[in-house]
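Dear colleague,

I am handing over the structure below for your review.

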Amino acid sequence: MSNIEATNTVVLGVSVDDEASHKKFGEAEKLGFPLLADTKFDVSKVYSGIIEKFNASNRATFLIDKAGYIRAIDQKVNVQTHGADVVKLIQESLPKIEVGQPAPEVIVSDQDGKMYQLSSF
């Protein structure tokens, strides 16, 4: 986890398994981040989709910035290389902003759908 922590990123795992299963798995694998139990499939339905045949969610990684915007999605999770893949995704997807530099151009919409461009303020 140290490579991911070095990116100042918070990692949360989500699966449809229950809390007891997550605790056992997290301890066995020494994950170093919390696993959230989505036993009612609410998160999985919205983000990754459900594999009905197995009553499970699809494996997917979402990189969400501090403002809540999805910056990247990895729907081809390779369990063997996932840690390194996540670090690379973070490094490639999030803007690098140093103190004193202008913020990157951002266009957002409000609750009414009106669009705003950061540079126009």
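**Overall architecture**

The protein chain holds four helices and eight strands. Please bear in mind that this is a predicted model. Along the sequence, the elements follow the order α-β-α-β-α-β-β-β-β-α-β-β. Of the 121 residues in the protein chain, 19% are buried. The chain exposes about 9500 Å², and carbon and sulfur atoms supply 52% of that area. Among the contacts with a separation of 6 or more, 22% are between residues 24 or more positions apart.

**The largest nonpolar core**

In soluble globular proteins, nonpolar side chains tend to be buried together. In this model, the largest nonpolar core consists of eight residues: I4, V11, L63, A72, V86, V87, L89 and I90. Helix α4, residues 82–93, is the greatest contributor to this core, with four residues. Leaving out residues up to four places away in sequence, I4 touches T9, V11, G83, V86, V87 and I90.

**Helix α4 and its salt bridge**

The count of salt bridges comes to one. The pair is K88 and E92, whose closest N and O atoms are 3.9 Å apart. The two residues are separated by about one helical turn, because they lie four residues apart in helix α4. E92 counts as exposed, because its relative accessibility is 57% and the cut-off for exposed is over 50%.

**A nonpolar patch on the surface**

Nonpolar side chains are also found on the surface, where V10, L12, V14, L36, V43, V46, Y47, I64, I70 and I73 form a patch with about 890 Å² of accessible area together. Two or more residues of the patch come from each of α3 (42–47) and β6 (70–74). The most, three residues, come from α3.

V10 sits in the loop between α1 (2–5) and β1 (13–15), and it is exposed, with a relative accessibility of 72%. Y47 belongs to helix α3 and counts as partly exposed, at 37% relative accessibility. Beyond residues up to four places away in sequence, Y47 touches F62 and I70; of these, I70 is itself listed in the patch. Y47 and R59 are 12 residues apart along the chain, and their C-alpha atoms are separated by 9.9 Å.

**Helix α2 and its surroundings**

How many residues of helix α2 are buried? The count is one among its 11 residues (19–29), so this helix is hardly covered, given that buried means under 20% relative accessible area. At the start of α2, a side-chain oxygen of D18 comes to within 3.3 Å of the backbone nitrogen of A20. Just after the helix, K30 has a positive phi of about 50°.

The side chains of S15 and H22 are joined by a polar contact of 3.0 Å. Apart from neighbours within four places in sequence, S15 is in contact with H22, L36, A37 and D38. S15 counts as buried, at 18% relative accessibility.

**Two loop residues with positive phi**

Positive phi values also occur in two loops. F41 is a residue other than glycine with a positive phi, near 70°, and it lies in the loop between β2 (35–37) and α3. N55, likewise not a glycine, has a positive phi of about 50°; its place is in the loop between β3 (50–51) and β4 (56–57).

Which of the two is buried and which is exposed? F41 is buried, with a relative accessible area of 13%, whereas N55 is exposed, with a relative accessible area of 54%.

**Points to look at together**

The S15 and H22 contact and the K88 and E92 salt bridge may then be inspected individually.

With kind regards

Note on methods:
Residues are numbered from 1 along each chain as its sequence is written. This is a predicted model: local features need pLDDT of at least 70, side-chain atom pairs count only at pLDDT 80 or more; totals for chains, interfaces and linings use all residues. Side-chain values use heavy atoms; hydrogens and water are left out. Buried means under 20% relative accessible area, exposed over 50%, partly exposed in between (1.4 Å probe, protein chains only). A polar contact is a pair of N or O atoms within 3.5 Å; within protein, one must be able to donate a hydrogen and the other to accept it, and residues adjacent in sequence count only if both atoms are side-chain atoms. Patches are made of residues with over 30% relative accessible area and no salt bridge: like charges are joined within 9 Å, nonpolar side chains (Val, Leu, Ile, Met, Phe, Trp, Tyr) within 5 Å. Accessible areas come from the Shrake-Rupley method with a 1.4 Å probe; for residues, only the protein chains shown count as cover. A salt bridge is a side-chain nitrogen of Lys or Arg within 4 Å of a carboxyl oxygen of Asp or Glu. A nonpolar core is a set of buried Ala, Val, Leu, Ile, Met, Phe, Trp, Tyr and Cys residues joined through side-chain atoms within 4.5 Å. Contact means heavy atoms within 4.5 Å.
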